[in-house]
Amino acid sequence: EDGAYDLIVRAITSAGVVAEHRERVVIHNWETLEDAILPPRQLSWFGELESLKTVDKSSGWVYAQGDRELFFGDEDRIRRSGAEDEYLAWKLPNLYQFQVTLYATVPGVDTSVVIQVSEDAESWEEVAYESKVTPGEEWHQLDLVGTVPKNGPVHYLRVVLTGDALREEELQLGHVRLLGLVDEANLDLLYELE
């Protein structure tokens, strides 16, 4: 875990003399990218400033706001504007884990959501995820959680909402959290420890 630790070395001689040295060590292994899916901000002189932390997105997105009580306290979301597949992509070097929070009118979205990873944002590989469902009266919160498979460094994650099962107004994206390693050299060690 990242944080500050005290490294203590203690030596005791055969005569019972104790010597101790304490050193503060700060561990910084992880980078986190959090995207709360906020709508663009209006700047009086400069127009609109995009708030999404994406590096690429398709054009068919509409922001959904309000109804906080229906969406588990989440005020800001985004959804497809039509029936076509739409995607959003984020970049975080040495991506290891992800959590994508969605809201849907049904508790299962396996055919409606595809999560992909890439090293170069050119070729994409679909990855598996586990869905943790928090039921609600009208909407369900679905946290899609996964670990990137071990096959080289991954720097991009793409979420694709498809038109396969749910209509555009029945599925909304609320939050994305990515976790990546600071040092690529630690990736192999991390996968060996699993």
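How many bridges join strand E13 (residues 130-134) to E14, and in which direction do the two strands run? The points below take this up along with the rest of the model.

1. Basis. This is a predicted model, in which local features need pLDDT of at least 70 and side-chain atom pairs count only at pLDDT 80 or more, while totals for chains, interfaces and linings use all residues. Residues are numbered from 1 along each chain as its sequence is written, and side-chain values use heavy atoms, with hydrogens and water left out.

2. Strands E13 and E14. Five bridges join E13 to E14, and the two run antiparallel. Strands here (E, at least two residues) are DSSP runs, as are helices (H or I, at least four), numbered from the N terminus; two strands pair if DSSP finds at least two bridges between them. E13 and E14 form a hairpin with five residues between them. Thr134 stands opposite Gln141 in E14.

3. Strands E10 and E14. Strand E10 (residues 95-104) is joined to E14 by eight bridges, again antiparallel. Gln99 has Val145 in E14 as its bridge partner. E14 (residues 140-147) is mostly covered, with six of its eight residues buried. Buried means under 20% relative accessible area, exposed over 50%, and partly exposed in between (1.4 Å probe, protein chains only).

4. The open sheet. Five strands form an open sheet with antiparallel pairing, in the order E6-E9-E15-E11-E12. Its edge strands are E6 (56-57) and E12 (125-126), each of which pairs on one side only. E6 is held to strand E9 (residues 86-91) by two bridges, and these strands run antiparallel. Lys57 has Leu88 in E9 as its bridge partner.

5. Aromatic pairs. The structure holds five aromatic pairs. Rings of Phe, Tyr and Trp (its six-membered ring) pair if their centres lie within 6.5 Å; planes under 30 degrees apart count as stacked, over 60 as edge-to-face and the rest as tilted. Phe71 and Tyr103 are edge-to-face, at 5.5 Å centre to centre and 85° between the planes. Because Phe71 lies in the loop between E7 and E8 and Tyr103 in strand E10, this pair ties together parts that are 32 residues apart in sequence. Phe71 counts as buried at 2% relative accessibility, and Tyr103 counts as buried at 3%.

6. Phe72 and Tyr103 form a stacked pair, 6.2 Å centre to centre with 15° between the planes. Phe72 lies in the loop between E7 and E8 and Tyr103 in strand E10, so the pair ties together parts that are 31 residues apart in sequence. Phe72 is partly exposed, with a relative accessible area of 34%. Phe71, Phe72, Tyr103 and Trp139 form one aromatic cluster.

7. Asp74. Asp74 sits in the loop between strand E7 (61-65) and strand E8 (76-80). Asp74 is buried yet has no salt bridge, and the nearest side chain of opposite charge, Arg77, is 5.0 Å away. A salt bridge is a side-chain nitrogen of Lys or Arg within 4 Å of a carboxyl oxygen of Asp or Glu; Lys and Arg count as positive and Asp and Glu as negative, with His and the chain ends not counted. The side chain of Asp74 reaches the backbone nitrogen of Asp76 at 3.2 Å. Leaving aside neighbours within four places in sequence, Asp74 is in contact (heavy atoms within 4.5 Å) with Gly66, Arg68, Tyr103 and Gly174.

Methods
A polar contact is a pair of N or O atoms within 3.5 Å; within protein, one must be able to donate a hydrogen and the other to accept it, and residues adjacent in sequence count only if both atoms are side-chain atoms.
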